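Open the model in your viewer and follow the selections below in order.

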Number of protein chains: 2
Amino acid sequence: MISDQTYLLKFGENVLKRRTELKLSYRQLAQKCDLDFSAISKIEKGQKSLEFQTIIELAKGLDIHPRELFDFDFPINKV
Amino acid sequence: MISDQTYLLKFGENVLKRRTELKLSYRQLAQKCDLDFSAISKIEKGQKSLEFQTIIELAKGLDIHPRELFDFDFPINKV
């Protein structure tokens, strides 16, 4: 069974991917979404869980729909 | 500016929509995703923030990709 930690890591990878696309430093992104820059580094490494509001703030700072940050494989039993 | 509360409400509406699609009661969904059934009712009404892990648990219980629970309008400045 895929652990929740795996999804947190994949979410973090999507944050990193978008941040580097926008050529934003930790500090620049942190300022845009009112987060501490060390929190962003931990989120990108899947080392920090996050609240719904933080997901929304990150999406705003990254100018991306929050749905895109959940763009990873997820098993569904479509019956 | 759209408040974060609005997104929480839209997220809750997506949970409600999927739960009723599956004809699950609060209690049945609560059992499937190891949450308290009163928490689900509050989440559906946008009255309760939630952690990343809870979003993943809800998606598993609803047999839906977590991305779909973020299916709502979100302003992006695509330049």
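**Stops on the tour**

Start with residues 15–69 of chain A, which UniProt lists, in an unreviewed entry, as "domain: HTH cro/C1-type"; UniProt positions are given in the numbering used here, feature names are shortened, and annotations may be inferred rather than shown by experiment. The end C-alpha atoms of this span lie 7 Å apart, and the span is 65% helix and 0% strand. Helices (H or I, at least four residues) and strands (E, at least two) are DSSP runs, numbered from the N terminus.

The model is predicted: local features need pLDDT of at least 70, side-chain atom pairs count only at pLDDT 80 or more, and totals for chains, interfaces and linings use all residues. Residues are numbered from 1 along each chain as its sequence is written, chains are lettered from A and ligands numbered from 1 in the order in which they are written, and side-chain values use heavy atoms, leaving out hydrogens and water.

Next, show both chains. Here 30 residues of chain B are in contact (heavy atoms within 4.5 Å) with 30 residues of chain A. In chain B, Phe52(B), Phe70(B) and Phe74(B) lose the most area to chain A, together 25% of what that side buries.

Select Asp71(B) and Arg67(A): they form a salt bridge (a side-chain nitrogen of Lys or Arg within 4 Å of a carboxyl oxygen of Asp or Glu), with the closest N and O atoms 2.7 Å apart. α4(B) gives the largest share of the side of chain B that touches chain A, 7 residues.

Finally, select α4(B), residues 52–61. Because 7 of its 10 residues are buried, this helix is largely enclosed by the rest of the structure; buried means under 20% relative accessible area, exposed over 50%, partly exposed in between (1.4 Å probe, protein chains only). Asp63(B), which follows α4(B), has a positive phi, near 50 degrees.

Notes
Buried area = accessible area lost by both parts, 1.4 Å probe.
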